Amino acid sequence: MAVDRTPVLKRCRSLDMEPTVLGVNKKSKRKLNRANRKISEYGLQLREKQKAKFIYGVLEKPFRNLFEKAQKMPGLAGPNLMILLELRLDNVIFRMGFARTRREARQIVDHKHVLVNGKCVNIPSYRVSAGDKIEIREKSKSLQRYKDIVEANAGVITPAWLESDMETLSGTVIEKPLREQIDVPVNETLIVELYSK
């Protein structure tokens, strides 16, 4: 299985974004030196696409497939794309506070620790729907890993479209998120422009 193994801080520097977006609390002391080079329109569009792919941990082909799905959905393709990315199971686990980063959430799903409506799902890209009940399976709840996660994510605020209970490590998808509820620093209109060429 293909995985992006680029060092997080290095990638954040090159994409000009804060590591906190990914749930990483480290800060880079280095600065990216671009000797007053003006970025072209294409360069800006490409950077936004790479930013979205990096934040959600999606590779090129699945990302393009998601974009094509977003275009077929009613409404604008840009916000639809962001909603589809937000409804990925690994992202929902991260948003509920059951993982410190999206990469960790992906690993938790891969290791069969997650139940969706009582059934074990180990596909990080699985798309959840409104009303789905998501929980960490009973056998895994006692692991030290989850005690550490609960401690680390004590002050994390769950988005309004999700309901999460850190005591029982379970939660519910109340509704589909709106674009305004997604606090990711990505300008999706540039991604749409890039793919429309």
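What covers the buried residues of α1? In this predicted model, the cover over the buried residues of α1 includes the helices α2, spanning residues 41–56, and α6, spanning residues 102–110. Helix α1 itself runs over residues 8–15, and the buried residues that belong to this helix are V8, R11, C12, R13 and L15. Directly after α1 comes D16, a residue whose phi angle is positive, with a value near 60°.

**Salt bridges**

Side chains of opposite charge can pair when their charged atoms come close. Across the whole structure, a search finds eleven salt bridges, and the table lists some of them with the distance between nitrogen and oxygen.

| Salt bridge | N to O distance |
|---|---|
| E48 and K51 | 3.4 Å |
| E60 and K53 | 2.9 Å |
| R95 and E86 | 2.4 Å |

The pair E48 and K51 lies in helix α2, where the two residues stand three positions apart, which means that about one helical turn separates them. Helix α2 is also among the elements that cover the buried residues of α1, and within α2 both E48 and K51 are themselves buried.

K53 has a relative accessibility of 18%, and because buried means under 20%, K53 counts as buried. E60, in turn, has a relative accessibility of 30%, a value that places this residue in the partly exposed class.

In the pair R95 and E86, where the closest N and O atoms lie 2.4 Å apart, both R95 and E86 are buried.

**A patch of positive charge**

Which residues gather in a patch of positive charge on the surface? The patch brings together K69, K72, R127 and K176. One of these residues, K69, is found in helix α3, which covers residues 60–72. Is K69 buried, partly exposed or exposed? With a relative accessible area of 42%, K69 is partly exposed, because the partly exposed class lies between the limit of under 20% for buried residues and that of over 50% for exposed ones.

Terms used: Residues numbered from 1 in each chain as written. Predicted model: local features only at pLDDT ≥ 70, side-chain atom pairs only at ≥ 80, totals over all residues. Heavy atoms only, no water. Buried < 20%, exposed > 50% of the residue type's maximum accessible area, 1.4 Å probe, protein only. Helix = DSSP H or I, 4+ residues; strand = E, 2+ residues; numbered from the N terminus. Contact = heavy atoms within 4.5 Å. Patch = residues over 30% accessible without salt bridge, like charges linked within 9 Å, V, L, I, M, F, W, Y side chains within 5 Å. Areas by Shrake-Rupley, 256 points an atom, 1.4 Å probe, with all protein chains shown as cover. Salt bridge = Lys/Arg side-chain N within 4 Å of Asp/Glu carboxyl O. Lys, Arg positive; Asp, Glu negative; His and termini not counted. Charge placed at Lys NZ, Arg CZ, Asp CG, Glu CD.
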